[in-house]
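This report describes selected features of one protein chain. The sequence and the structure are shown first.

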Amino acid sequence: MVAIRDTHSKKEFDLDLWINSLNHMSEHDRNTIRDTFNYCSKLSSDFNVTHRLQSRSAEMIGILLTIHMDLPTLQVAILYNYYTEQLLSLPQVENDFPKLVVSIMKGAIDMEAIRFLQNMGDEITDNQIDNVRRMLIAMVEDIRAVVIKLSERIAYLREVKNADEETRVLTAKEISAIYAPLANRLGIGQLKWELEDLSFRYLHPDIYKQIAKQLDEKRIDREEYINNFVNELKELLKNANIDAEVYGRPKHIYSIWRKMQKKNLDFSELYDVRAVRIITKELSDCYAALGVVHTHWHHIPKEFDDYVANPKPNGYQSIHTVVLGNGGKPVEIQIRTEKMHQNAELGVAAHWKYKENNKSNDAAYEERIAWLRHLLSWQEDMVESGTLVDEFRTQVFEDRVYLFTPKGDVVDLPAGATPLDMAYSIHTNIGHRCIGAKVNGKIVPFTYPLQTGEQVEILTQKEPNPSRDWLNPNNGYLKTSKARSKVAAWFKRLDREKNLVAGREIFERELERNGVTLDKEHMQKYLSMACQRHNLVNVDDLMVNIGSGVIKINQLINFLELGNKTAAEEDKSILEKFEKNNGQAASSSTEKVKSSNNIIINGVGNLLIHLCKNCRPVPGDDIIGFITQGRGITIHRMDCTKLTDQKNKNPERIVEASWAVSYSQGYTITVRITASDRPGLLRDITTVIANERVNVLGIQSKSNVKTQTADIDIDMEVYNISALSKIISKLNQVDNVISAKRL
């Protein structure tokens, strides 16, 4: 259930009464808190604003006190709220407060950059990248900035409880997508649970109430059962001379729901609704207690996890087991030391508690933020390639896979990572020398997507020899921008001549793959435009930058296709050629020119040809061409809405087109599936697609809470219209699918 921290129960917030209730704090600390509140109260003459900000600040302090944060952090919790309301400026804080408070305040302000990570598109400005870098530095230098931001979000979640539904839902979406994963990555379980539970309550109120009701219905019986189990367990541990604390642990509704979804279980089938925790003094007592438990009760082997020997990536350590208690009822038991428990509940915040008690915990603290330090160590390469923001999003928000080296070390990578990604994550030189990989003892290709739990052995040669093909995202060799930046840095160091030759080969190969067919004159014109865009002197410099990986080939190809939209001279040439060829004598049938896109154009050859992104035609569709302004010919489906307008405005630009007799190239289309939302829906849909051997390029899903429906857009690669019709027909047969149609 959601943890309730009652910082003040009265509707009218009484500051003095609340401060006096902090009787566990020293008089000096209480007076400092009071002085900070009094300082801020002078910043606004509006009583309602002051009352609201005081109330929220008190909520934040209550949250921060549960994780043992220090006095300067509590002061910043007050000041930060007035800063966000633009009632207080940073120069004022610098003038009136100690340097430590100012430093934490600056870090909390820099944390604002995280709010925009999810919404940043491909066009990320230098200023946005700089904001993310400053946020990372602030997090590494003083993690208290992160904790303040997390507490502010929890306080705001509580505050919007009585707001309108739209406000609640938007707030919950942001927090569940950004702040809860961050709290989890930093190991602050005590804040993570409330961020998740409150967000879940606002996003899925009906499911939340249903689970809460099921928990409450048999609460008395369950509590009596757990009390009897705990008393029996305490006696067993006492007889074994094991000094430990034993108690029933609270259940969190979001974790219950997530487990139900993950394992496709009903509430009654869950193992951990009845849960007990054992806290020992020493590590050896953990395994001794486990022996007592497994000796006295029958355990379920598949539900056993030893996170002490193999900690989770966020540092979490505990032994998990499920046993059958009296009446054959399953009981989940967690066994950990006091130190492990503090780390599990407080994460990086545990550092401040131990620091106050003069206990050394710096090693654990450093482990918690090691991933931030890694990001900073990569930042120069990532900023240069424009991927710093993408890497941070990947590190915090995306799903992860956890892999084992032959020595048993755990490697944490983004979902979809390849053996090459793993090689570069271990060491740059291992990546450069990688010639292959074994997964669970079997050789796999470089493009193999690694799965959690697999053992990966990297095969290397003596000399480094990375391939330029690894840099092309279309080839699928590398998932992480960290690895790509290391490969790019390698080729950047090679001599100019090698990069020049390699760049030309890459460029020509990519032109062929994309079906670009321009004559020398027009190609030179486009390349001159590309040189101007990248501030390069000549085409050779452009090819050198392609060969070294500084200029991404797919970005250049996109630019060439979207280049000179006002090339009137080229337009005129294309139209003249088209009219000339169509005006030839009937004795020689109209010339049909086949492009590398497997499309036959009547009367016009040697042109840039690309498919309409609006209708996305595939072989089997009736198609027609339209001569664009400066972009060659666009191929449309006959029923394309965009083509109708173009026909009316410029009928002279229409040209006949048809598919070649043989074709083997795949085409990207999007299928939209509208369905009643249910557990396992996406699994069933992807199973159908996998059975048809269709390559999925991307999936986007949106849920409608009110109608309990979901819209799923799937980008997939198909080879002809019959294959597309077959897959759509099968998708329409999936349970709960309302409609499946091509966009």
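Which residues of α4 are buried? They are Leu 71, Pro 72, Thr 73, Leu 74, Gln 75, Val 76, Ala 77, Ile 78, Leu 79, Tyr 80, Asn 81 and Tyr 82, where buried means under 20% relative accessible area, exposed over 50% and partly exposed in between (1.4 Å probe, protein chains only).

The model is predicted: local features need pLDDT of at least 70, side-chain atom pairs count only at pLDDT 80 or more, and totals for chains, interfaces and linings use all residues. Residues are numbered from 1 along each chain as its sequence is written, and side-chain values use heavy atoms, with hydrogens and water left out.

**Overall composition**

The protein chain contains 30 helices and 21 strands; helices (H or I, at least four residues) and strands (E, at least two) are DSSP runs, numbered from the N terminus. Of its 743 residues, 50% are buried. Among contacts with a separation of 6 or more, 67% are between residues 24 or more positions apart, a contact being heavy atoms within 4.5 Å.

**Helix α4 and its surroundings**

Helix α4 (residues 71-84) comprises 14 residues. From its first C-alpha to its last it reaches 21 Å, close to the 20 Å expected at 1.5 Å a residue; the expected span is 1.5 Å times one less than the number of residues. The helix is mostly covered, with twelve of its 14 residues buried. The cover over these buried residues includes α2 (27-41), α3 (47-66), α5 (90-96), α6 (99-110) and α8. After α4 comes Gln 86, which has a positive phi near 60°.

Lys 149 belongs to helix α8 (residues 144-159).

**Nonpolar cores**

The largest nonpolar core has 62 residues, and those with the most contacts inside it are Trp 18, Ile 33, Ile 61 and Leu 195. A nonpolar core is a set of buried Ala, Val, Leu, Ile, Met, Phe, Trp, Tyr and Cys residues joined through side-chain atoms within 4.5 Å. Two or more residues each come from α1 (15-20), α2, α3, α4, α6, α8, α9 and α10 (189-203). Beyond its neighbours within four places in sequence, Ile 33 is in contact with Trp 18, Ile 19, Met 25, Ile 61, Leu 71, Leu 74 and Ile 78. Another core, of 24 residues, lies apart from it and has Leu 403, Ala 437, Phe 446 and Leu 471 among its members.

| Residue | Relative accessible area |
|---|---|
| Lys 149 | 3% |
| Tyr 179 | 0% |
| Asp 713 | 16% |

Tyr 179 is placed in helix α9 (residues 165-185).

Asp 713 lies in strand β20 (residues 709-718). Its side chain is joined to that of Arg 672 by a polar contact of 2.7 Å. Not counting residues up to four places away in sequence, Asp 713 touches Thr 670, Val 671, Arg 672, Gly 698, Ile 699, Gln 700 and Leu 743.

**The sheet β10-β9-β11**

Three strands form an open sheet in the order β10-β9-β11, with antiparallel pairing. Because β10 and β11 stand at the edges, each with a single partner strand, one side of each is left without a neighbour in the sheet. Neighbouring strands are turned by 35° against each other on average, direction ignored.

Two strands pair if DSSP finds at least two bridges between them. Strand β9 (residues 434-439) pairs with strand β11 (residues 456-460) over five bridges, and Ala 437 has Ile 458 as its bridge partner in β11. Three bridges join β9 to strand β10 (residues 442-444), where Val 439 stands opposite Lys 442. β9 and β10 form a hairpin with two residues between them, and Asn 440 in the turn has a positive phi of about 55°.

Helix α20 (residues 419-426) lies across β9, β10 and β11, running at about 80° to β11. Axes are lines fitted to C-alpha atoms, for helices over the stretch in contact, and angles run from 0 to 180 degrees between N-to-C directions.

How values were computed. Polar contact = N/O pair within 3.5 Å; in protein donor to acceptor, adjacent residues only side chain to side chain.
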